Structure formats: structure tokens, C-alpha cells
Amino acid sequence: MEDRVLKIQFEVYEGDTFQRTEVFEQKAIRIGKAGQAHLRISDPNVSRQHAIVEVLDSGEVRITDLESTNGTFLNGVKIDRAVLKSGDEIVVGQTRLVVRFEQQAEQAPLSESFYKTRAIEEEDLTEKVVLELVVLWNEEVVTIQHIRPGEKVLAGDKPGCRVFLPSEYFGERLVEFAQFVDGKFRVLVNLEMADGDALVEGEVIPVKQLGARGKLVDRDYLPIDDKTKVRLKFGPFTVLVGLSRVPPPPEIRWFQKFDTGIFTYTAFSLVLHLLFLIMVTLTPEEQLRAVKDPYRKRSVAFKMLQIQEMEKKAKEEEEKRKTEEKKKQAKKFEVEQKQAGESIKTEAKKPDELTSKLSVEEKRERDRQVAEMAMTRVLSAQADLMSQVLGTGGEPNFGGTGIRIIGSHGPGGVLVSGLDAFGGTIGGGTGGFRGTPGLFGGSSEFGPADLKSLKGLGKEETGRDIAGTKFSEKEGKPVAYQGAADISGDLDQATVKRYIDSKMNQVKWCYQQALLKKPDLQGEMTIEWIITPNGKVMGVKVLNSAINDKDMEQCIVSRIETWVFPPSKSGLPGKVRYPFFFRVVK
């Protein structure tokens, strides 16, 4: 290997705003806000000694969190220690760092190069050693956990599980994946649903043969020491297990703990305050009293009392004026009502007096004229309608129903001349409906017996006419809504539900496209997916579906794969099982 030191470049961003670029050519680069840090970041959420980037003799670039307050995140995953690649994004506090350097060679997948990395040396066991658990999904890092002696390690997808694996591998039970017994770590490897191998004293042995070769304790557990590593596979998930050394925090002397900039600003502020106090103390008391007006406070209070009194008086006058105005309006209304009542009585009295003086014949003539004027107004207003009914041939023909137009005498007949207020005839006129003679006292009267002669108005006839008629229904509205969700892992259920609510238009669009081919399509569909710690979605699949439409199912799955949820605060992934219901509301 060449002796030249690798050149590492950091691009510093505050949020989305680019700040600066810094380049280093050294094997150790400290990151923090202390004055002794190589990459100094003025962020209140960054610790003084936050993290360290090291270039190993093998050419590997590694970042280690120095037990910072807010933690170190690599590509959205919280880490204690990890290997860097060019282009990776490091987040410390609210600051983003994009690291770039020359890749010496294309790195093999982490699961394949796991056994090739340097094992922890025996002399390092005297330092702080932890059990390192790395969970991969298709060679992508999901979680990195460092287990200290005495900590309980459970595997599954329930809250509190340190090793995240879907429930189909363990069911609903929680499995104790790692233990610390008699001063040593040991890992559960004898699992029916797991495959893989172990590196024991330089030899790679399949996990199914470890028991036969006497490498297991308590039938199921493999002890982990400086010469043992384990690689377990659960479908697309891979769990890497081995020992790891936590580097001691850098030694910082007492005077290095002080931030020079903050100390300088504090001292300068203290000097200014002392000078101000000295100036106030040395000012003569007579000069201070000269600028004060002993009567000013009393005059201000007096003016305030005057203003309050004037406002109170103005308010009383306004209320008095409104009360008087209401009384005047009430009196005026009473007078108008009285005058209107007398006028109505006078006008009502005059027609009664005039009517009482008319004879029987004069009253009948008056009624006839009133009816004739009313009908004339109606026919004038509905001239277009009557022309359509009568047409150009005079009296229309209604078949054998016996109905004739009011006031007609056949073709060329004269308009109505003898209607009373109810549409009947007055005297001997032939207007109105042609009635049955003799039943109600005259041939021009209309009686109930005439209803029997009207054809086409019976229940049977009208029923036959509308029996074959089809009424078009109003087009239905497609609706897509959610059921009760099953959200496991360390996820905020309210946040997940709000995000899915905002994406329901995509699900509804897939349903609308399917309705174009199958208008009667409806039913329930349950979909399951995994949310990684950085919010991305993976492993989307349809658990059960009553829709029976593969195109619609694929459309919804492809939409969900593009969703990006808010990152997990704890750095752990989770699983979502969500039912969707589809139907058409008429």
C-alpha cells in the first residue's frame, strides 16, 4: 500500500444551504464545536467532541460517535461506528456533512466482506468491548446496534426489540437473541427459519453443523469471542454478529474545555456592565434629581381621572338619546297601526254595503264577469301553451274520454262565457266539463259519475303505460377509505396515519382507473410494508384482496413504494399492515 495519506473532503450544509468546503490529509479528523476540533461546527446541537473520522491502514475510512448528546447519523441511520463511502451524508446536530474521497477499490457487499475485516485483538479485550449487531436488507443497512454487557436483546418487530425482523420469522413471540453469561456474549443460532454460517477460529462452519461439532452451549447458543463471528440469513434480511471495541473518549485537559470565543464575549459584556454601574454611581445626586418632576406623576393621575369622568358622561348621554329615539319610533308605529286599522275597516265596509244592495240577477252577472276576466288573463298569459294544445284545427281530440276544452262549442266555438269561480258554468252555459244530465240538477253540471266515463285514468291503464319505462340511475361516486391499521415497531401511529391520509388520492386514482374496465368493482384490500429508519418504504406486498384485479393491486403497490415517511426518532424500523376499502356510492 502507498504511504500517501488519503485526501478527505467535507461539504458543510446548514439545512439546505451550502456553507463551505474543507479538505483534510490526515488519519484522524475530529468533528465538534470545541476549539481543538479539526472540523469545527458552530451548531448548538453539536457536542464539543462529537465524532471522529479515521483512515485505517487497510485504506478503510471509519466514523465513530464519541458518545455525543444528540448522536451521529449516517445516511439517516443512527450509528455508534460505521464504515464511510464517498458520497455518504453525515448529520451532526442540525448540520449536514457530505464526505468525498477517492475510493481505492470497489468495496464488496458488507455481508461478503464481513469475515475479511480485522477481528478484535486479544489485547483489546481489556478495553471497552461490546457486541455489534448489524441488520441488512438486500445489502442495505437497516440498523446497527452495540450491546453492552448485561443488556437484554430481543428479536422481532414489536416495541422494545433491538434486532428488527418481521413477525413471519418468529411469529408473535419475542425471542431472546443474545445473552451475556459468565463474562461472555452468546448468540441464538439454532433456529429453524434461519440459515447462514459462523467463522470459528478461522474456519467457516454452516450453522446447521455447529451442534454436531460441539460448538454450541445450552443446545442453541454460540459463544462469541475475539475469533468468532456469525452471519445469519432470514430471507432478504441478514444479521451480522461480532465483537467490537468502543474507543475511549479523547483526553481533553481542563483548559481545553473552555470555548475561547464564548469566554471573550462574556468578559467583554461584563466589562461594559461594570463601566455603566461606575458611571451611574459617580453621577451627582443633585443632577439625578434635576431631571425628575415630582408633580408629573400626580398630574398624569389627575388627567386620567378627568378622561374617565368625561367618557362616563358621554356614555350616559348616548344611552339616554337611544332610549328617547326608541320611544319616538314606538309611538309613531302605534299611530300608523291605528290609522291603517281604521282605513281597512272603512274599505271593508264599502263593498259589503254595495253588495247588499244588488239583486240576485245582478250578483250572478257580476260573478260571470269576474270569472270571464280571470280566464281572459290566464289565457292571455299562457297564449303559447294554448296554441300548442289547440293547434290550428280548433278543438283538440281527446279520444273517447268525453273531455272538452272549457268554453268551447266544437270547431270554431266561442271562448268561455259562463264560468264561476271553480271552473263550472253559471246559468245555462255549456262551458266547463260536459256532465251527466240530471245527476246534479242540470245538464251543464259535472258530477262524480262522469269520472267513470274517462278512459285512460284508471290504475290499470296508467300502470300499463309506465310498466316498460326504465329510469336512468345517477352515476355513482367511487370512494376509497381506510380501516383499522396494524402498526408495529417504534413508529408514531398518528404520524403514519396522517401521512397515509395525505396520499389517499393516489390510491383512489388506481381505483378509478380499474372502474373504467370493471364498473362493478368493489371490496377490501390489505397491504403490508416496512418503513426503514430513514422513512423509505420497502417490502410492499398484498396480504389479501377481495378485489381480484391484479392491475389495480400493482398500481397501489407501485404508489406506496414511492412514499417517504418522516424518519424514525429512535433509529428503528417498523412494519405497517393497512386495510383499504373500495366501493361506489350511488
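A helix has an expected span, which is 1.5 Å times one less than its number of residues. Keep that in mind, and remember that what you're looking at is a predicted model.

**Stop 1: a helix**

Select residues 504–515, which make up helix α9. This helix has 12 residues and reaches 17 Å from its first C-alpha to its last, close to the 16 Å expected. Now show the side chains: Met504, Val507, Cys510, Tyr511, Ala514 and Leu515 are buried. Look down the axis of α9 and you'll find its buried residues within an arc of 145°, so they line one face of the helix. Why does such a pattern come about? An α-helix has 3.6 residues a turn, so residues three or four places apart point the same way.

**Stop 2: a sheet**

Next, pick out six strands that form an open sheet, in the order β2-β1-β11-β10-β7-β8, with antiparallel pairing. At the edges stand β2 (17–24) and β8 (77–79), each with a single partner strand, so one side of each has no neighbour in the sheet. From one strand to the next, the twist averages 30°.

Zoom in on β1 (residues 8–14): seven bridges join this strand to β2, and the two run antiparallel. Phe10 stands opposite Glu22 in β2.

**Stop 3: two asparagines**

Click on Asn75, in the loop between β7 (72–74) and β8. Its phi is positive, about 55°, although Asn75 is not a glycine. Asn75 is partly exposed, with a relative accessible area of 37%.

Finish at Asn548, in the loop between β26 (537–545) and α10. Here phi is near 60°, again positive in a residue other than glycine. Asn548 is exposed, at 64% relative accessible area.

Conventions:
Residues numbered from 1 in each chain as written. Predicted model: local features only at pLDDT ≥ 70, side-chain atom pairs only at ≥ 80, totals over all residues. Heavy atoms only, no water. Helix = DSSP H or I, 4+ residues; strand = E, 2+ residues; numbered from the N terminus. Buried < 20%, exposed > 50% of the residue type's maximum accessible area, 1.4 Å probe, protein only. Arc of directions from axis to C-beta. Pairing = 2+ DSSP bridges. Axes fitted to C-alpha atoms, helices over the stretch in contact; angles between N-to-C directions.
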